[in-house]
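Open the model in your viewer and keep the sequence beside it. The paragraphs below walk from one region to the next.

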Amino acid sequence: RAVLRKASALEYKIQRRALRKEDFINYIQYEVNLLELIKKRRARIGYSFKKDEIEHSILHRVHSLFNRATGKWKDDVQLWLSHVAFCKQWNAKHQLSKVFSTMLAIHSNKPALWIMAAKWEMETRLSSESARHLFLRALRFHPECPKLYQEYFRMELMHAEKQRKEKKEFEQAKMDLGEFNYSEEILNGEMARIVYRDASQKIKGVEFQLAVLSIAKLFDFTQDLQKEILESLQARYADDPLTWDYMARRELELGSLQPTEPSTKQKKVSEMAQREERCCAVFDEAVGAVPTEDMWKCYITFCLERYNRKTNSEELKQKRLERTLSVFSKAHESSLLSEALYKQWLQLLLDSSLSEKAVEVAEAATRHFSQSVETWQMRLQVLIQLKREDVTQCFEEAIKHVKSKGTLPLWTLWVEWSEGTNSKEDTEALYQRSLHATTPAESVTMKEMYLDWTYRSSGYKKVKRLFTSLCENRPFSLDFFRKMIQIEKEQESCKMLYLREYYERALREFGSTNTDLWLDYIKEELSHPQGKPENCGSIHWRAMKMLQGDLVEDFVSKYTLLQTGHL
C-alpha cells in the first residue's frame, strides 16, 4: 500500500500540464531504489519467481519515464547518460542500442558520446562492424577530431588482436575453417594503418602522432606500424622539441628491451648510467639543432626527473646532479632559460648546499627578468636565507626596477625581514614608506600588518594613535577594523566607548554589505559590562535601512536566531 501510495503521488506529478524535470528524476530514482530493494530481498530469501510480473514491469516503466524526460529535455546530456547507465546496470542491451541511436541523432556535436557508443558496441556487444560504422559516422561530423581518430585506431588494433587470438585457438584445436579465412592484412593491423594515414593528413601536430604511437605500442604485432609512425614523426616534425624529447627518452626504453643475463647491482647502475648518457647525447644534438627555450625545458625536465628518482648508488646520484647543474648552466649561457626554470635551478643549488652559486644565479635571473616580482622575491629569499649583508640594497634595487602595481609581495617580505633584523625606528619608517609606495588596494594589507606590528612592538597607546592616523586615508579592509576591535577587547579595562567608535567607523565603510558586522555590534552591546542593550533597537533599525538586497532577509533571520539564543 505504501509503495502504491508513493508511486501514485509521483505519477500525478508527471501528469501535470506544466512538467518539471525534478519530478521525473524523483520518480525514476524511487523506481530504481525499489528495484534495488527487490533484488536484495530476492537474494536474501532465495526467491527467483515472478520476475516478468515484478521487475520487468518496473524496468519498462523506468525506460518509458526516461524516454518521456529525454524527449521533453533533449539538451540535457546528463539525463541521457543516466539512461545509458541504467541500461548498462540492468543489462538492457536492446534498449541501450535505441538510446544511443536517439542520443547521437540529437547530440551529434559531442565526440565523447560517439566514442562511448562505439566502445560499448566493441566491448559489450563484441561487434567490431557496428563500432566501425559508428566511428565512420562520427568522423563525418568531426573530420578533424584527434580523440576520435585515436579511439578508432585503437578499435581497429583491438579487432585485429581479437582475430589473431581466434585464429590461434582454431589452429591449436586443429579445426577446419572451411570457407571462413582470416585476411593476413587485417591480422597485421592494415586497417589501423589506413586510419592512421588518413588521420595524419588531416590532423597536424606532434601530440597526435605521439598519442597514436603510444596506442600502437600496446599491441605486440605492430612493429612495422610503429616504425612507419616514427619515420613520419622524424620526417615531418624534425624541428619540434617534443619529437626530440621522445627520441631521447626512447633510448631508456631501448636499453630495457634488450635481454640481459642476471647482473649485479653494480652492473645495473653502470647500465643505467650508460642509457642516461645516450639520452643526453640525443638531447645535446637536439639543443644544437633546435636551440629554443622549449627544447632546453624538455632537456632540463628530463634531467630533473632522473635526479629525483630514488637510487641507492651515491655515485649515480652525484653524476645525475652534476649533469643537471651543467645543463642549467648551458641553458643560462644560451639565454634560453625561463623564469620558472631559474626557480628550480635555485632550489636545486640550495638543496645541494651550493649557496655562493645560488646567489650568482639569483642575480642573473633578476638581470634577465628585471620586471618580474616573483624573480626579485626569489632572489631576496635566497639572500635572507643565507643571512647576507646586502639584503637592504637588493630590496632598494627591486623596488626601483618593478612598477608600483604588484609590489605588495616585495613590501611584505621587506617589512617581515626588517621586523626581525632592524630597529623599531627603521621598521616604522619602512611601513610608512610602504603605505605611499603601494597602490591604494595593496596598501590595505600593509595597514593591517602595520597595526599588528605596532601593537606587538609598542603596545596599546601607540597602536591607538596609529589607528586614528591610518583612518584618515582610505581604502580600508574589514580585517583592519576587526583587528583594532580585537586589540581593544584584549585590554584589562576594555571600554565600550572605544568599541562603539571602531564599530561605527567599520559600519561607515562596510555597513551596506556585511550582516555579521551589525550582529557583532548588537552582541557587544548586549554582553559588554558597559554596553547599553537599549541601543540594539536603533542599531537594528539602521541595519535594515543600510543593508542591500537579499542581505536584509539574511540579517533578519540571523537576528531572530540571536534573540532566541541559537546564535
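The expected span of a helix is 1.5 Å times one less than its number of residues. Helices (H or I, at least four residues) and strands (E, at least two) are DSSP runs, numbered from the N terminus. This is a predicted model, in which local features need pLDDT of at least 70 and side-chain atom pairs count only at pLDDT 80 or more, while totals for chains, interfaces and linings use all residues. Residues are numbered from 1 along each chain as its sequence is written, and side-chain values use heavy atoms, with hydrogens and water left out.

UniProt lists residues 1–61 as "domain: U3 small nucleolar RNA-associated protein 6 N-terminal", in an unreviewed entry. UniProt positions are given in the numbering used here, feature names are shortened, and annotations may be inferred rather than shown by experiment. Over residues 1–61 the chain is 77% helix and 0% strand. The end C-alpha atoms of this stretch are 19 Å apart.

Lys 50 sits in the loop between H2 and H3. Its phi is positive, about 60°, although Lys 50 is not a glycine. Glu 55 lies in helix H3. Glu 55 counts as buried because its relative accessibility is 9%; buried means under 20% relative accessible area, exposed over 50%, partly exposed in between (1.4 Å probe, protein chains only). Leaving aside neighbours within four places in sequence, Glu 55 is in contact with Leu 35, Ile 38, Arg 42 and Lys 50. Contact means heavy atoms within 4.5 Å.

Now helix H4, residues 77–89. At 1.5 Å a residue, its 13 residues should span 18 Å, and its end C-alpha atoms are 18 Å apart, which agrees. Asp 76 caps the N-terminal end of H4, with a side-chain oxygen 3.1 Å from the backbone nitrogen of Gln 78. The buried residues of H4 are Val 77, Leu 79, Trp 80, His 83, Val 84, Phe 86 and Cys 87. An α-helix has 3.6 residues a turn, so residues three or four places apart point the same way. What covers the buried residues of H4 includes helices H2 (21–45), H3 (52–72), H5 (93–106) and H6 (111–123). Asn 91 follows H4 and lies in the loop between H4 and H5. Asn 91 also has a positive phi, about 55°, although it is not a glycine. Asn 91 is exposed, with a relative accessible area of 55%.

Move on to helix H19, residues 373–385. Its 13 residues should span 18 Å at 1.5 Å a residue, and the end C-alpha atoms are 18 Å apart, which agrees. Among the buried residues of H19 are Trp 376, Met 378, Arg 379 and Leu 383. The buried residues of H19 pack against helices H17 (339–351), H18 (355–368), H20 (391–401) and H21 (408–421). Lys 387 follows H19, with a positive phi near 55°.

Further along, the peptide bond from Arg 474 to Pro 475 is cis, with omega near 0°. Pro 475 is in the loop between helix H24 (460–470) and helix H25 (478–490).

End at Glu 504, in helix H26 (residues 496–510). Glu 504 counts as partly exposed because its relative accessibility is 23%. Leaving aside neighbours within four places in sequence, Glu 504 is in contact with Tyr 521 and Arg 542. The C-alpha atoms of Glu 504 and Leu 517, 13 residues apart along the chain, are separated by 10.0 Å.

Methods:
A polar contact is a pair of N or O atoms within 3.5 Å; within protein, one must be able to donate a hydrogen and the other to accept it, and residues adjacent in sequence count only if both atoms are side-chain atoms.
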